[in-house]
Amino acid sequence: MPKSNAALFLGPNAPWQFTSADIPTLAPDEILVKVLLCTICGSDLHTILGRRSGPVPSVLGHEIVGEIVDFGSSVSRIDIRGESLRAGDRIVWGIVANCGRCFFCQNDLPQKCERGFKYGHQQVGERKNWQGGFASHCVLVPGTKIVRLPASLSLKSAAPLSCATATIAASMRFADIYGNDDVLIVGAGMLGLTACAMANKQGPWSVACIEKDEYRRQLAKRFGATVAAQPGLLRAIDFKNGYGFDVAIECSGTNSGLLEAIELVRIGGRIVLVGAVFPSEPAPLVVEKIVRKHLTLHGVHNYRSDDLIAAVDFMERHDNSFPFEDLVAHVYPLEQLTDGITAAQDGSNIRVAIAP
Ligand SMILES: [Zn+2]
Ligand SMILES: [Zn+2]
């Protein structure tokens with residue numbers, strides 16, 4: 001009888017529990033997936049280090065690329081692009097499985113579903129049907145938005161699709177970049193680098209990236225930034241004929257990043273906030289500045305299914321234009337998860353992956 005293995009997260013200060021269970025018998029509306037690769041996201045680290053709380057025991061890891069093993073007897077075998085699914089297909093799926101009926105599902109925010117099921121964030125139940133990426137298998141529940149992957153896409157490029165890439169695709173909807181825009185990206189981690197690349201392909205006038213780390217600034221240039229500078233060194237007067245940036249995407253999650261974006265965007269500019277996903281100190285904000293500058297601030301957390309499709313389409317089209325694969329610095333087997341977590345905390349590793 002084949003087994004499925006998992007690393008259980010028991011809390012920020014507790015050791016990981018490596019365990020195995022029988023592969024669960026599928027309910028009619030479930031799909032069994034073998035986890036091929038899972039990249040460790042910044043928000044996994046926030047949970048592991050206790051910067052935000054989550055239920056325990058749980059199987060963390062939500063940037064997953066998997067291979068379909070088996071279908072429940074009545075589950076749909078069509079992905080959200082309308083393509084048929086078969087055992088052996090490589091897929092990614094939306095981080096939140098949603099109900100489709102609640103207030104938020106009906107109001108264009110399915111990622112905030114009141115009955116949402118979030119992969120890599122759920123408490124493990126009696127059934128031991130692992131539902132995160134730090135496990136050999138993952139059972140997909142009803143409401144999961146699946147996209148079959150093009151064969152050309154490497155596992156390393158595909159793994160971040162279901163978190164970082166799709167979230168930046170969502171932020172692009174609100175950034176609404178035009179052909180002559182000057183675009184500011186704050187931060188050059190996984191989110192910021194993806195934002196540089198996606199913004200670049202929208203064909204704006206310039207893409208400037210603010211990043212304190214020299215190595216990451218060099219990376220930003222390889223990901224389509226036309227300018228990469230340390231915080232505090234860019235001047236609004238140098239962009240858009242002296243008016244400042246048309247749009248900024250804040251990916252650093254820092255208060256200083258937000259404050260700098262507010263300084264650098266022009267009157268009437270847009271700021272999309274996407275990086276701050278754990279509680280921080282309140283930002284010292286002069287609200288009058290937002291009013292007088294007619295700024296639009298938009299927070300973006302997770303994404304809709306059309307954003308996931310846009311992310312997959314982007315990677316299929318542009319994976320060759322940018323070194324996305326190189327961002328996954330190391331791959332560890334599940335048994336060496338703790339080494340992987342340590343490596344993921346090193347700022348020079350944009351992503352570290354687990355291959356269960
Ligand atoms: Zn994530
Ligand atoms: Zn819902």
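Which residues of α5 are buried?

The structure is a predicted model, in which local features need pLDDT of at least 70 and side-chain atom pairs count only at pLDDT 80 or more, while totals for chains, interfaces and linings use all residues. Residues are numbered from 1 along each chain as its sequence is written, and chains are lettered from A and ligands numbered from 1 in the order in which they are written.

The protein chain is assigned two domains: domain 1 (3–163 + 303–355) and domain 2 (168–299); such bounds come from an automatic or database domain assignment. Their C-alpha centres lie 28 Å apart. Across the boundary, 20 residues of domain 1 are in contact with 16 residues of domain 2, contact being defined by C-beta atoms, placed from the backbone, that lie within 7 Å. On the side of domain 1 that touches domain 2, the elements giving two or more residues are α1 (42–48) and α9 (305–318). Helices (H or I, at least four residues) and strands (E, at least two) are DSSP runs, numbered from the N terminus. The largest share of this side, five residues, comes from α9.

Attention now turns to strand β10 (residues 182–186), where five of the five residues are buried. A residue is termed buried if 20 or more other C-beta atoms lie within 10 Å of its own, with C-beta atoms placed from the backbone. In a regular strand the side chains alternate between the two faces of the sheet. In β10, Asp182, Leu184 and Val186 are buried on one side, and Val183 and Ile185 are buried on the other.

Strand β10 has parallel partners, and two strands pair if DSSP finds at least two bridges between them. With strand β11 (residues 206–210), β10 pairs over five bridges in the parallel sense; valine 186 has isoleucine 210 as its bridge partner there. Four bridges join β10 to strand β13 (residues 245–250), also in parallel, and in β13 valine 186 stands opposite glutamate 250.

Eleven of the twelve residues of α5 are buried: Met190, Leu191, Gly192, Leu193, Thr194, Ala195, Cys196, Ala197, Met198, Ala199 and Asn200. After α5 comes glycine 203, whose phi is positive, near 75°.

Key:
Two residues are in contact if their C-beta atoms, placed from the backbone, lie within 7 Å.
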